[in-house]
Amino acid sequence: MTEWGDFNDAAPLPEDGASELPGAGQSMSAADGPIAPDIEQIAAFLDVVFGYCDGLIPVRGFVDQGQGRDTKPHNIWVPADRHAAVSLSAYATWAAREGSAVYVIPGTVVEQGQARAEHVLQMQTVVVDLDAGAITAKLAHLVHHLGAPTLLVESGGRTAEGAAKLHAWWRLTEPAEGEDLARLCALRGEIAEKVGGDLHFRSAHQPIRVPGTVHQKHGVQRRVSIREHRPRVEVELPDFAAAVAAMPTMPGLEAPTATAGATRPSLDAVLTTPVREGSQDAWTRFQGASAAIGHFVRMVHEGRMTGDEGWEAICQYNAACLRPEWPLDRLKVEADAIWALHVDRNGPPLLRAAAASPSAIPAHTLGALLDDTSPMPDDLIGPRLLTPGGMLVLGGAPKVGKSDFLISLLVHAAAGAPFLRFTAPRPLRVFYLQAEIQYHYLRERLQQLRLDPSIVARARDTLVVTPKLRMLLDDQGVPLVAAAIRAAFPDAPPDIICIDPIRNLFDGGPAGEGENDNAAMMFFLQSRVEALRDQVAPEAGIIFAHHTKKLSKQQVKDDPFLSLSGASALRGFYTSGMILFRPDEEQTERELHVELRNGPGLEPMLVDKIAGRWVEFDRRGERLVRQDIGRKLDAERLRKQDVILGILLDEAAEGRLYSTMQLAEKFENKVGLGSKHTIRERLSVLATKGFVKFRRDGTEFGLGVVRSRFGYLCVEGMTFGPEVETVDPHTGEVTTSARRVLPSHFKCPQSGNCLDVENPEVWVYPEGVLDDLTPEELGLTPHSSPRTTP
């Protein structure tokens with residue numbers, strides 16, 4: 001094959017060529033029972049091909065031809081470590097069930113999503129694919145001149161003569177990188193030319209089947225199997241290159257020439273000449289399809305065709321020239337890959353919009369709408385907060401916590417978990433385009449979230465976040481963001497695209513107007529945001545974070561959504577809105593107002609962030625009158641609680657324990673606690689809430705047994721007197737430790753009776769007590785995890 005066939009860097013799909021004969025070799029039809037992958041062969045292969053390499057192994061799954069299945073390719077990246085065999089075996093088991101073949105690029109890359117030739121950084125093997133002609137003679141020629149290979153693999157395919165197709169692998173003593181990697185790929189091409197092997201292996205990104213997996217072309221199953229394995233055979237790259245240079249071309253083959261690229265056919269020939277599978281013609285189906293797709297991609301990119309016209313032309317070429325034609329899923333994957341590569345190399349496209357025909361505008365009669373009783377589509381975030389193709393705007397003043405609130409909402413949506421009153425039907429794929437928080441502060445904020453570990457585990461790969469971007473969503477920014485979204489979710493489009501905030505990414509169009517201009521706002525929403533969504537996921541929901549204007553608290557309460565900054569066209573365009581604001585700057589609680597276009601409005605919510613989590617308060621507990629004096633009284637009660645608990649801890653540390661009456665009488669009118677009656681009342685409340693418990697027997701601390709109803713006061717974490725020394729009788733080691741004061745009784749929160757503590761080592765609060773605490777009370781309390789019973 002000549003060099004003209006290297007059309008682009010999208011990895012070609014190998015063609016095994018000849019039709020499968022069920023009677024040839026060790027084969028069976030799918031109806032006879034499935035063949036399971038062989039983990040030992042997979043492990044042996046990985047050791048030979050990747051044992052010395054670092055990075056990620058690109059793995060590709062293609063549905064084998066002739067099974068009546070049309071499924072898009074599935075790609076994963078497996079770390080080249082000791083777990084690689086287990087991971088690849090699990091993938092191979094799934095692939096065998098789905099009728100897919102398993103390929104790897106025999107080199108490692110740095111990041112997921114990388115699979116082009118320039119991404120491959122390390123290779124440690126030289127391989128030749130013998131897929132046609134006299135296989136036995138070709139192998140003998142190789143062994144005679146280059147030595148026996150480290151690994152000899154039967155790929156599962158058969159030549160027209162019925163011979164097993166082979167892959168021969170020689171392992172190097174160390175991975176090749178940089179110039180050595182280019183030299184290695186050139187050796188692969190030279191070997192293939194001299195023995196009539198597959199010339200695609202000139203490229204570093206050419207995939208190859210994995211031994212131990214299942215070959216299933218035309219419904220005939222064979223295991224890709226290792227015929228020979230010599231684990232001690234390794235070669236030095238310079239010595240092996242010298243042996244390849246000295247190896248003559250096999251008799252009957254033309255010697256390679258330096259002008260191999262001169263025979264590249266014209267574009268007209270490619271677009272009009274039918275090409276069959278199995279490399280039966282002057283170029284392969286992959287090479288022909290790549291050339292045709294590349295031509296039409298250039299036409300669309302330069303604005304000479306619309307996107308629909310380009311795709312139609314690609315499909316027409318597929319039907320007219322490829323024998324048999326490719327499935328549409330595979331054709332689209334290759335077209336998308338070439339488009340992304342072309343945009344990456346040549347910049348944003350000049351897209352030509354197609355004029356919509358009158359019949360393209362949907363219209364329905366009243367009767368049709370009344371008679372349609374099909375189920376409503378699932379909300380992306382319910383109830384009706386974000387619907388498929390909808391737009392949600394979250395507004396708030398700077399520093400009110402809207403980005404923090406938004407991050408928590410997106411994490412829960414990505415995990416398919418409820419957040420406050422909002423729910424997602426399943427784990428959603430979320431792309432969060434944010435332009436405010438730099439990388440290190442972004443990761444710090446995410447790490448500070450106090451979320452259930454199961455929620456974080458489910459959202460690890462479904463929420464993708466950008467660090468602070470310095471760009472606009474203009475004619476150059478939109479294709480860049482679209483490419484980033486496709487790279488983040490290569491297998492399926494996102495469900496939600498979030499932009500935070502509008503102001504930092506706003507593009508008002510050619511006139512350059514700002515976000516306060518209605519025409520500029522409509523241009524941004526329609527020609528930028530919706531254009532981005534149409535390119536990557538037409539049914540995705542859009543979420544905006546937006547700033548609010550400086551209005552009085554009363555104006556915000558009267559109509560919260562009038563506070564949205566910028567043009568009023570935004571409110572007429574979105575399908576739902578949320579406003580987060582703080583009604584009292586001295587308090588941490590925020591009000592959340594929600595309006596919905598596609599559903600009934602929601603009652604305003606009172607929310608706050610407590611211990612790293614957003615929670616909703618019951619608004620029925622809000623004061624309606626004398627709110628200022630009520631807050632002062634609450635603060636005074638909180639102060640007294642803190643003082644009393646601190647006194648008990650400090651006094652015990654100095655060797656003094658108190659009963660309720662004795663503490664009240666000793667500290668009456670001290671540190672602002674008031675009379676002894678006030679102190680006793682506060683202690684009674686603290687005992688009911690579980691912050692104070694009791695110990696009757698004080699003999700351990702040199703005190704007597706209290707015969708009163710309760711006993712000595714005890715709080716969580718209390719220690720008595722200075723630390724004491726203890727001597728280990730066996731080792732003589734001297735250690736110091738504090739003497740803990742553990743409770744023996746507690747006050748029942750229901751009856752007020754004195755009951756025995758079951759386990760003094762565990763401080764237990766009555767059910768719901770910690771949930772009802774204000775943020776200030778929670779911060780002052782040395783609380784343990786809430787438990788339901790003492």
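This passage describes the overall make-up of a predicted model and several of its local features. Residues are numbered from 1 along each chain as its sequence is written, and side-chain values use heavy atoms, without hydrogens and water. Local features were taken at pLDDT of at least 70 and side-chain atom pairs at pLDDT 80 or more, whereas totals for chains, interfaces and linings use all residues.

The protein has 22 helices and 29 strands, assigned as DSSP runs (helices H or I, at least four residues; strands E, at least two) and numbered from the N terminus. Of its 790 residues, 47% are buried; buried denotes under 20% relative accessible area, exposed over 50%, and partly exposed the range in between, with a 1.4 Å probe and protein chains only. Among contacts (heavy atoms within 4.5 Å) with a separation of 6 or more, 69% join residues 24 or more positions apart.

Helix α5 spans residues 237–246, and L237, F240, A241 and V244 are buried in this helix. Viewed down the helix axis, the buried residues of α5 fall within an arc of 100°, so they line one face; the arc is that of the directions from the helix axis to the C-beta atoms. An α-helix has 3.6 residues a turn, so residues three or four places apart point the same way. D239 and A246, on the other side of α5, are exposed. The cover over the buried residues of α5 includes β5 (123–130), α3 (135–146), β7 (164–176), α4 (179–195) and β12 (234–235). In the loop between α5 and α6 (267–272) lies P251, which is exposed at a relative accessible area of 72%.

The structure contains 12 aromatic pairs. Rings of Phe, Tyr and Trp (its six-membered ring) pair if their centres lie within 6.5 Å; planes under 30 degrees apart count as stacked, over 60 as edge-to-face and the rest as tilted. F524 and F544 form a tilted pair, with 6.4 Å between centres and 35° between planes. This pair links helix α16 (residues 518–536), which holds F524, to strand β19 (residues 541–547), which holds F544, across 20 residues. F524 is buried at 0% relative accessibility, and F544 is buried with a relative accessible area of 0%. The pair of F701 and F720 is tilted, because the ring centres are 4.8 Å apart and the planes lie at 45°. F701 is in the loop between β24 (692–695) and β25 (712–715) and F720 in strand β26 (residues 719–727), so the pair ties together parts 19 residues apart in sequence. Both F701 and F720 are buried. F405, F419 and W614 form one aromatic cluster.

Charges also sit over rings, as defined by NZ of Lys or CZ of Arg within 6 Å of the ring centre and within 35 degrees of the ring normal. R330 lies over the face of W326 at 3.8 Å from the ring centre, and K670 over that of F667 at 5.8 Å.

T462 occupies the loop between α13 (453–459) and β17 (463–465) and is buried, at 17% relative accessible area. Beyond neighbours within four places in sequence, T462 is in contact with A414, L428, R429, V430 and F489.
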